[in-house]
Amino acid sequence: MNKKLRLSIRTRHIVEGYSFISLWIFGFFLFLAVPLGRSFYYSLQTLEPSPDGLKATYVGLLHYRSAFTTDVHFLPLMQQTMTTMLTQVPLILIFSMLSALMLNRHGIGRGLFRSIFFLPVIIASGAVLRELLEQGAARLPIFVQDGLYMKLMTFIPEAILEPLLEYADSLTLVMWDSGVQILIFLAGLQTISPILYEAAHMDGATKWEAFWKITFPMIMPMILVNTLFSIVNSFTKADNQIMNHLMNVVFRSNNYGYGSAMGWLYFIFVFIVLGVVFFLFRRSMSAAEGRA
Amino acid sequence: MNAPGFALLKKLNLNDPSSEGARWQITVMKRSRSIIGSLFYYLVLLSLSFVFVYPLLFMISRSLMQPQDVADATVQWVPKSFSLENYSIVLDAIHYWPGLANSAITSFGSAALQIMSCSVVGYGFARFQFPGRDLWLALVVFTFLVPPQTIVVPLFIFFSDLNWINTHLPFVVPSLFGHGLKGALFVLIFIQFYRRLPHVLEEAARIDGAGAFRTYWQIMFPLARPAMLVVFLFSVVWHWNDTFEPTTYLLVPEFFNLAQNLAVFNGVANQNIDQVAQAAQASGAIVQAPTLMNQIMAGVMLTIAPILLLYLFVQRYFVESIEQSGIAGE
């Protein structure tokens with residue numbers, strides 16, 4: 001009797017759990033698994049619009065091959081996306097962590113500063129960001145005004161100065177891209193008990209030591225979350241060139257097969273990058289656990 | 001940090017009753033160091049804040065300018081001839097009111113549905129142990145990582161077979177199932193939030209005879225307000241500024257949202273500028289290329305105004321909610 005009852009509670013638990021997530025599972029097949037499978041299927045075909053719907057002819061890996069051989073845009077854009085990501089993601093992480101540390105300090109106007117730091121998430125995203133970039137609002141005037149450029153040119157050769165200033169401009173973009181990451185770090189910092197710092201202080205640790213021995217290991221998981229978020233974000237941003245290229249291929253030239261193949265190549269590429277990040281973090285995470 | 005002060009303390013020998021001045025000196029030193037520290041701290045914070053507010057100031061200032069002000073190098077921020085003309089021009093040019101209605105339906109509709117569905121799913125993951133749970137959870141993360149562009153072709157064909165193109169259904173229906181724009185992220189936020197709530201709450205409700213769904217709906221869901229606010233704001237903002245999905249599924253101007261209308265307006269404006277410039281070149285006359293930057297900036301302002309207003313009202317609770325919602329995860 002007793003045993004039977006316990007079993008039925010367990011079964012009920014399983015049924016209840018599945019009924020809560022069944023909504024998502026249903027959507028997963030409808031809006032992700034099946035489309036993903038179909039997009040792979042399309043990528044092996046050439047699809048042509050005909051009076052009775054799309055006509056498909058099997059072409060094998062032709063589209064995958066032509067991405068590397070015939071498409072003059074694919075590889076350069078891929079490389080460009082990769083370079084942007086590699087340079088910007090670390091900067092975003094460092095900047096958002098420093099900002100979160102500053103905003104976590106108790107001071108006047110903390111709430112106000114926090115609201116301001118999140119403002120770019122609203123302004124500088126999607127279509128609005130594109131307009132801003134086009135109108136030159138992403139360039140901070142200090143680099144253009146007051147002849148700073150001319151003054152610097154007397155010290156630094158133009159070949160170096162030009163990319164340097166471009167880099168400085170991309171820094172504003174990095175800062176605008178950091179809103180969500182700052183919030184994630186901030187939330188992480190809040191979970192660290194102040195007792196730890198007190199104890200470290202008693203033992204004579206400096207703030208510098210406390211950061212590396214307490215704060216850094218404690219927010220390691222947030223660094224992983226933020227790295228993943230930043231990477232995914234940089235791959236799907238509105239000013240991502242490869243995405244625009246893909247959309248042009250699909251909806252301007254109606255080349256569905258090639259578009260799908262490109263989508264898959266991109267997807268595989270994103271996964272390799274994320275896989276590398278996971279691998280690197282697993283090692284440093286287990287090292288951090290060992291220390292604790 | 002303390003080392004130099006400590007050395008000084010030793011040197012001055014504070015036990016000496018006559019060294020009143022030494023004690024004072026140390027206090028001054030400590031104070032001044034902390035004042036310099038916070039001065040530096042606020043200087044950095046303020047200059048960073050400037051970078052963040054800069055685009056907003058830029059847009060407001062430009063949107064109030066007349067073309068001659070934009071061209072005038074002596075005008076930096078404050079236009080010489082203040083006017084709201086740009087706004088009244090752009091209001092019509094970007095079909096503001098229909099666009100606003102479309103933006104509102106897709107953003108607020110999807111956000112509301114995502115709150116409901118992602119919360120249900122998140123609760124299921126957070127509070128129930130069932131076989132296959134880890135696998136499904138891994139698939140949630142997987143969903144977040146798949147670029148939407150990879151599956152856009154089959155989805156487009158799927159939705160057009162259902163005659164959903166040029167309706168709001170491609171936004172609303174996936175949201176209903178906990179998917180849609182960044183749906184997986186919202187599920188994860190809810191999972192983290194529900195995990196932190198004490199189990200005692202549900203046990204009490206269960207003992208009082210409430211079933212799993214009643215416990216969820218009456219006890220747990222209302223408690224998730226911080227997570228709801230976070231998800232709501234993210235979802236609204238991201239939907240509002242998104243052009244990828246709307247340009248894919250909404251193809252006739254009547255259904256365009258504000259971001260799309262703005263892009264169209266910008267395209268037309270650039271074309272006009274090119275034409276004028278070409279005509280000027282052909283005739284050999286030296287004509288300064290006209291600028292519509294002021295109008296475009298007014299358009300951008302109008303596009304994000306509703307979101308800015310919303311943020312103005314919720315920002316105070318927003319950051320608090322982030323901290324409570326456990327968005328950071330474990």
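The model is predicted, with ipTM 0.84 and pTM 0.84.

**Stop 1: chain A, whole**

Select chain A and show its surface. Switch to cartoon. Chain A has 292 residues, of which 47% are buried. Now turn to its contacts. Taking those between residues at least 6 apart in sequence, 70% link residues at least 24 apart.

**Stop 2: chain B, by domain and confidence**

Select residues 3–48 of chain B for domain 1. Then select 85–197, 226–262 and 293–325 of chain B together for domain 2. The C-alpha centres of these two domains of chain B lie 52 Å apart.

Colour chain B by pLDDT. Its mean is 83, and 88% of its residues reach 70 or more. Which elements of chain B mark the lowest and highest mean pLDDT? Helix α1 (residues 3–12) of chain B is the lowest at 55, while helix α5 (residues 96–127) of chain B is the highest at 94.

**Stop 3: B:N266**

Go to helix α14 of chain B, residues 258–283, and pick B:N266. Is B:N266 buried or exposed? Its relative accessible area is 4%, so B:N266 counts as buried, the cut-off being under 20%. Display what surrounds it. Beyond neighbours within four places in sequence, B:N266 touches A:E131, A:E134, A:Q135 and B:I296.

**Stop 4: the salt bridges**

Side chains of opposite charge can pair when their charged atoms come close. Over all chains, the whole structure holds four salt bridges.

Start with B:R133 and B:D134. Their closest N and O atoms are 3.3 Å apart. B:R133 is buried at 9% relative accessible area, whereas B:D134 is exposed at 57%.

Next, select A:E16. Which residue of chain A does A:E16 bridge to? The partner is A:R12, with closest N and O atoms 3.5 Å apart. Both sit in helix α1 (residues 2–43) of chain A, four residues apart, about one turn of the helix. A:R12 is partly exposed at 49%, but A:E16 is buried at 11%.

B:R206 is partly exposed, at 29%.

Finish by showing A:R12, A:E16 and B:R206 at once. Shared partners join these three into one salt-bridge network.

How values were computed: Residues numbered from 1 in each chain as written. Chains lettered and ligands numbered in written order. Predicted model: local features only at pLDDT ≥ 70, side-chain atom pairs only at ≥ 80, totals over all residues. Heavy atoms only, no water. Domains from an automatic or database assignment. Buried < 20%, exposed > 50% of the residue type's maximum accessible area, 1.4 Å probe, protein only. Contact = heavy atoms within 4.5 Å. Helix = DSSP H or I, 4+ residues; strand = E, 2+ residues; numbered from the N terminus. pLDDT = per-residue confidence, 0-100. Salt bridge = Lys/Arg side-chain N within 4 Å of Asp/Glu carboxyl O.
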